[in-house]
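Here are a few friendly notes to read alongside the model. Take the points one at a time and look for each in the picture.

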Amino acid sequence: MITTFGELLERYEREIMAYALRLTGDRDDADDVYQETFLAAFRAWPPPRRGQERAWLYRIATNKVIDRARRERRLVRLGDLALAAPERGSSVTRIDLARAIERLPAGQRAAFVLRHVQGLPYAEVAAALDCSEDAARSRVSEATRKVRVRIA
Amino acid sequence: MSVDTLVAEARERLVARAKREGLASVGYATFTTDLGPLWIAVGPRGVLTIHYGPEPGVSELARLVRAYGPGVVPDEKRVSPVASQVEQYLSRRRQRFDLDVDLRGLTPFQRRILRATARVPYGELTTYADVARRAGSGRATRAAGAALGANPVPIVVPCHRVVASDGSLGGYAGGLRTKRRLLALEREGDVPKGGWPPARR
């Protein structure tokens, strides 16, 4: 049983950092998500359910990523208003898997990465996304469908 | 840059932030010494734990959590001054430790026994019976042995200087080989013979 912050860190910090890196695609953003996730966990200690610390951390991290994505989307929209430069023409480059994942909405991206990259069972994906197992399955399958379409 | 490097840097910043927010009060780290790995924890009032091994046991962690809550975090910087004094001691460059020891979470009897033990000078020997007497519990020899067996800060509180009345070594949390080694270091090889006293063989 995990009784200290140190044990929580040593057991899960690598996994959470890798998850944050995969979701944000940026080292500094991943670092922020790591910091915010563990600080939030320390502040909210103890975990809601003993023995489910992993899913709890994924849930916090996923929410942090989604919050950031929402904030950034707002920033992009503001930036769009100032777009006065002539259109450069869309140069469609090779869309690889990473790009396809990157373009998913944050919630679906989290579902896809939790299941297919981190390899979590559906029960833990559901706990991390704070939804039912059925909802988790449908989010993963919707995300997978979009990724398939994009890399086709 | 690998994920491990990224994590190590992120962890250092996280621990600093947690400390600033008052979320982390105990720092720990594992150091490699001539005696093998030592897991050392330091709290706001001094050294809490020196454990023979790379990580502490459940009861040792439970004591830290009882005393200071769950804010026990990896913090090499905070622990390294303790580790370097231990290192100096092990290489015969130090005979006394300039450290505060925090015995919170122990019973009053355990604390009395450990305080009496802390006064045994470098290179000298005493017995379980004598330590019990000095702690004001002359007849509690066996209980004194148990309290010393659960000493959370060996080396700094020198329970290796306490031996059985029949001259045998008694016991030691780090193993009798380590006890013999520490005594040999302090006494230039003049170490009592034998292992456990007859009653415990």
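1. Helices (H or I, at least four residues) and strands (E, at least two) are DSSP runs, numbered from the N terminus. With that in mind, chain A reads α-α-α-α-α-α-α from its N terminus on, with seven helices and zero strands.

2. A word on the source: this is a predicted model, where local features need pLDDT of at least 70 and side-chain atom pairs count only at pLDDT 80 or more, while totals for chains, interfaces and linings use all residues. Residues are numbered from 1 along each chain as its sequence is written, and chains are lettered from A and ligands numbered from 1 in the order in which they are written.

3. Now turn to the sheet in chain B. Its four strands form an open sheet in the order S3-S2-S1-S4, with mixed pairing (two strands pair if DSSP finds at least two bridges between them). Strand S3 (46-52) and S4 of chain B are at the edges with a single partner strand each, so one side of each has no neighbour in the sheet.

4. Look next at strand S2 (residues 36-43) of chain B, which pairs with S3(B) in the antiparallel sense over six bridges. One pair to find is B:Gly43 and its bridge partner in S3(B), B:Gly46.

5. Finally, the two chains meet: 20 residues of chain B are in contact with 19 residues of chain A (contact means C-beta atoms, placed from the backbone, within 7 Å). On the side of chain B that touches chain A, H1(B) gives the most, with nine residues.
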